[in-house]
Amino acid sequence: MNRPMPISPRRRGPLLDVAVVGGGMVGAAAALALARAGFTVALLEARAPTPWRAEDEVDLRVVGLAPSSIELLDDMDVWTSIRESRVGPYAHMHVWDAASGAAIDFDAADEGRAWLGHIVENRLVQWTLWQALLAAGVHCRCPAEVVRHEVRADLVHLVLADGDELAARLLLVADGADSPLRMQAGIAVRGHDYGQRAVVAHVATARPHAQTAWQRFLPSGPLALLPLDDGRSSIVWSLPEDEAARVLALDDAAFCHALGVACDFRLGPILATTARAAFPLRLRLAERYQSERLALLGDAAHTVHPLAGQGVNLGLRDVAELREVLLAARVAGTDIGASHVLRRYARRRRSADTLDALGFDALARIYAWRAPPLVAARALGVRFIDRCLPLKRRLAAHAAGR
């Protein structure tokens, strides 16, 4: 068996508490949260983030930030900047079944809150986090590619593609759903592809969105219309691969009409659309969230169906949990990279993420039922939940991260 080449002492960087690989929203949030908590942190990312500018078109990729995510961002002193840039708050959510008409409504006032959440551009969140990293003392390396990592004694050593080396007590892996470092660590994933793509665009509608997130479940998959700050709606339309390809190929007028039919013209005719894009849908769960001096975060640990809009929120909950665990270890005088410390994080988050991911998966399957008796049963369930206030409040609280 080939043994790994030993790491040479050349061009060695500073000794760190934490090295974070992956500078997307979750990785950048982890680096900033831990730096603000007093840990020495390096962030390594292959590609520099695209600058966010107010005069640019709204990013096609948006996220519905839950209250738990906003609290974390606020705690890191970046939420005010994001909020004052461009966000679409929503106070209501209306979800309805195309097959039966059964619907469920959520209202922020019922939860004693002003908003259920905020629709925010991915690029804006990432760019704002990156602007805060240097001020927090994070050592940012971009572009940077980790070609090998090796654990020796109480440190993990990283070798970069340019020959530089870093050493840290803990390696956090947030390098995406196809994480190379997760594979290097020998951590397997389980799950399946949905055979669908999510078509995304921003559209103008005849009627205002009324600060409401609208979601219609069609036999082909869910369609969401999410309120943007400028009065338009961002759509996430889950479709089988061949149907997604057909929809993407439509001209703007035909696309607007098809979308109007799909959402039952809930906001009136679709008046205009941006260019469209699409991304594949899949369920992926890492079989474990830790290895020796290594922990997984965000999409490297879990990729879920977008129907509940919880993917990034789950990743930010990973960050909040990890920060709490590492701070407790430091107070106790414990090595932050010790196996028992990382097991505490992994046990808590993998359990919660698995329940959520499988719940979203089950919901997608239930709404794909087409047989009339099953559709009728589904309608009864939806109407029961809508009328059962304690259950509905529990669902709303869970989505908020409470």
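Predicted model: local features only at pLDDT ≥ 70, side-chain atom pairs only at ≥ 80, totals over all residues.
I started at leucine 172 and looked up its contacts (heavy atoms within 4.5 Å). Leaving aside neighbours within four places in sequence, I find leucine 172 touching Val18, Ala19, Val20, Val21, Ala30, Leu34, Ala295, Leu297 and Leu322.

Residues are numbered from 1 along each chain as its sequence is written, and side-chain values use heavy atoms, with hydrogens and water left out.

For burial I use relative accessible area: buried is under 20%, exposed is over 50%, and partly exposed is in between (1.4 Å probe, protein chains only).

**Strand β7**

How many residues of β7 (residues 117-121) are buried? I get five of its five. Both faces are covered, with Gly117, Ile119 and Glu121 on one side and His118 and Val120 on the other.

Then I checked the partners, counting two strands as paired if DSSP finds at least two bridges between them. Strand β3 (residues 62-65) runs antiparallel to β7 and is joined to it by four bridges; glycine 64 stands opposite isoleucine 119 there. Strand β4 (residues 87-90) is also antiparallel to β7, again with four bridges, and proline 89 has histidine 118 as its bridge partner.

**Arginine 61**

I moved to the loop between β2 (41-44) and β3, where arginine 61 lies. Arginine 61 is partly exposed, at 40% relative accessible area. Not counting residues up to four places away in sequence, arginine 61 touches Glu121, Asn122 and Phe279. I also looked up its separation from isoleucine 235: 174 residues in sequence, but 9.8 Å in space, C-alpha to C-alpha.

**Helix α10**

Helix α10 (residues 372-387) has 16 residues and reaches 23 Å from first C-alpha to last, close to the 22 Å expected at 1.5 Å a residue. That expected span is 1.5 Å times one less than the number of residues.

Which residues of α10 are buried? I list Val375, Arg378, Ala379 and Val382. Seen down the axis, these buried residues fall within an arc of 105 degrees, so they line one face of α10; the arc is taken from the directions from the helix axis to the C-beta atoms. They pack against β5 (92-97), β6 (103-107) and α9 (339-366). On the other side of α10, I find Pro373, Leu380, Phe384 and Arg387 exposed.

**Disulfides**

Last, I looked for disulfides (a pair of cysteine sulfur atoms within 2.5 Å) and the count is zero. Cysteine 140 is partly exposed at 26% relative accessible area, and cysteine 142 is partly exposed at 31%.

Note on methods. Helix = DSSP H or I, 4+ residues; strand = E, 2+ residues; numbered from the N terminus.
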